[in-house]
Amino acid sequence: IVHLVAISCFVAGFISRVKLLNTGHEECDMTYSARVFFPIETVTQHHRSAISKSYGLYKFVDRRDPRYIKLLRQKQPEQSTDRLLKRDEHCVDNGNTTIVVYVPGHWGSYDQSRSLGAHGVGLTRSNLKSNHVRQIQQQLLAKGKTIDNIEKINNFVFDVYAVDFAEQGGAFHGQFLVHQSEFLASMLKQLSEDCHTDSDSEIIVVAHSMGGYVARLTLLEHPELVGLIKNVVTLATPHSNPLYAFDKSIYDIHRRLTLALKVQQQQHAETQQRPLIVSISGGLRDEMIDPSACRVVVAAAVPKEEKYAWSSSLLRLWPNTPPSTAFRNTKDAPNSVTILSTRLIAMNKAKASVGAGAALTKEESIYYKHQQHHLLGMDHRAIVWCHQLLEEVRYIIWALVMKEEENQNIGHRLSKE
C-alpha cells in the first residue's frame, strides 16, 4: 500500500508540475534547418566492442550552405544510397571555421544537433528573405574575416559534427558511459587529423544531459586531448548529482569526476590548462534535471572505506547540510561556470529590444537581469532546439574561440554578463 501511495503521489505531482509550468507563454521558438546528415567513415569501425559496434559519426549540412553544393549534388539522399563520406571528403578549408562536436545524452540522437548546426551557419528561420539568405551565403564563402565586435560575431561560422550512440541509455550503466567516452575520444582524434587542426585551432564539445558526463570522462581518461579540446558546453547536465542513475556504477563515475576536480584544484598551475566547462541549466520547466544539479562541484573528502560506497555519492559532498543551502554556499569548480538558461533568454530578449550591436544602458541591464526571475526556461529536450537560447550559445562559442586573441578570462566574463 505504501508503495502504491508513493507512486500515486509521484504521478500526481508530475502531472501537476507539467500543467502549472506549461502556462502557454513559452519562451522558446523553434529553430528551423534544411538539414542533411552525412555518415562519416570512422577509423574504429572494424574493431569495436559489441556495445559500441552501432556507434557512428555524422556531419550536419544545411542544404542552403553554398560550401557544400558539390557534395550535396553528389550524395543527395534521394538520388544516391552511397551517403558515407570518406575521411578526405567532409572537411572544408574555410579559414575561420570552428569544429563543434555534439554529444547526445541518455536515449539521445545525433539528429538533435540540427538546431545547433543551423545556428552555426546563421540559417535558423524558415521564412528568411532571399536577400538575407544570399548575404549569409556570401559570408559563408568568405575567408579571413578581420571585422571587429558584432560584425565578427555575425560572420562567425562553426561546423557541427555529432557522435551517434544509437540512442543508447547511458544512465542505465556506467559501462555504457565508458564505451561512449572511448568512442568520443577516437572521433575527436580523427576529426583533428582529417581537418588538420593544430595548436592554434580547437574543437569545442557541446553535450546534452548525460553526454556531459561522457565528455568529462573522455578528458579524464585521455589527457592528451586537453590541448585539442579547450572548451566544453553542457546543456542540462546533472554535474553535481546524477539524479536518475539506475546503477551504482554511474555514481562511481560521478565520484571519479568530482575527485579529479579536487586534485586539479590542488594543482593550480595544471588547472589553468584544463578545458573550461560552461554548464547551462534548463530551468524550472525541465522535468528531468533540477537547475541546481547542473553546477560543476568539487568532491569533499570522504573516508577511504566509503570512497565507492553507494551512500557516499551525493549528499556526502556537503556533510550535515541541507542540499538547497549547500548549493547556495557552493562555488563553481575550477575552470567552470554555471549559467541559468533563463538568464541567457533574458539577455537575448534585451539584445532583440535594442537591436544588434547596440549597448544596453545601466537601467536596461538591471531591468532584464530582473526579468530572468520571471522566466521558467524550457523542458529537458527543448533545450537543444530553443532558438533564443541557442543564439546565446552561439555567442558563448564565439567568445570561447576568441578568448585567446582577446587574452581574457572568459569564465569570469561569462559569469558577469
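The model is predicted, so local features need pLDDT of at least 70 and side-chain atom pairs count only at pLDDT 80 or more, while totals for chains, interfaces and linings use all residues. Residues are numbered from 1 along each chain as its sequence is written, and side-chain values use heavy atoms, with hydrogens and water left out.

Strands (E, at least two residues) and helices (H or I, at least four) are DSSP runs, numbered from the N terminus. Two strands pair if DSSP finds at least two bridges between them.

Strands of a sheet pair through backbone hydrogen bonds, either parallel or antiparallel. Strands β2 (residues 56-62) and β4 (residues 158-164) run antiparallel and are joined by 4 bridges. Here Lys59 stands opposite Tyr161 in β4.

Next come the disulfides. The structure holds 2 of them. A disulfide is a pair of cysteine sulfur atoms within 2.5 Å. Cys28 is joined to Cys386, with 2.1 Å from S to S. This link is left-handed, with -85° about the S-S bond. It connects distant parts of the chain, 358 residues apart. Cys28 sits in the loop between α1 (2-21) and β1 (35-39), and Cys386 in the loop between α12 (362-371) and α13 (387-406). Cys28 counts as buried because its relative accessibility is 15%, where buried means under 20% relative accessible area, exposed over 50% and partly exposed in between (1.4 Å probe, protein chains only). Cys386 is buried too, at 0%.

The other disulfide joins Cys91 to Cys195, at 1.8 Å from S to S. Its torsion about the S-S bond is about -55°, so this disulfide is left-handed. Cys91 lies in the loop between α2 (69-74) and β3 (98-103), and Cys195 in the loop between α6 (174-194) and β5 (203-208), so the pair ties together parts 104 residues apart in sequence. Cys91 is partly exposed at 26%. In sequence order, the bonded cysteines of the protein chain pair as 1-4, 2-3.

Now the backbone. Most residues other than glycine have a negative phi. Glu167 has a positive phi of about 55° although it is not a glycine. Glu167 is found in the loop between β4 and α6, and is partly exposed at 47% relative accessibility. Ala236 also has a positive phi, of about 55°, and is not a glycine. Ala236 lies in the loop between β6 (231-235) and α8 (248-266). Ala236 is buried, with a relative accessible area of 0%.

Finally, the surface. Trp107, Phe172, Leu243, Tyr244, Phe246 and Met288 form a nonpolar patch there, with about 580 Å² of accessible area together. Patches are made of residues with over 30% relative accessible area and no salt bridge; like charges are joined within 9 Å, nonpolar side chains (Val, Leu, Ile, Met, Phe, Trp, Tyr) within 5 Å. A salt bridge is a side-chain nitrogen of Lys or Arg within 4 Å of a carboxyl oxygen of Asp or Glu. Accessible areas come from the Shrake-Rupley method with a 1.4 Å probe; for residues, only the protein chains shown count as cover. Met288 lies in the loop between β7 (276-281) and α10 (323-328). Met288 is partly exposed, at 34%.
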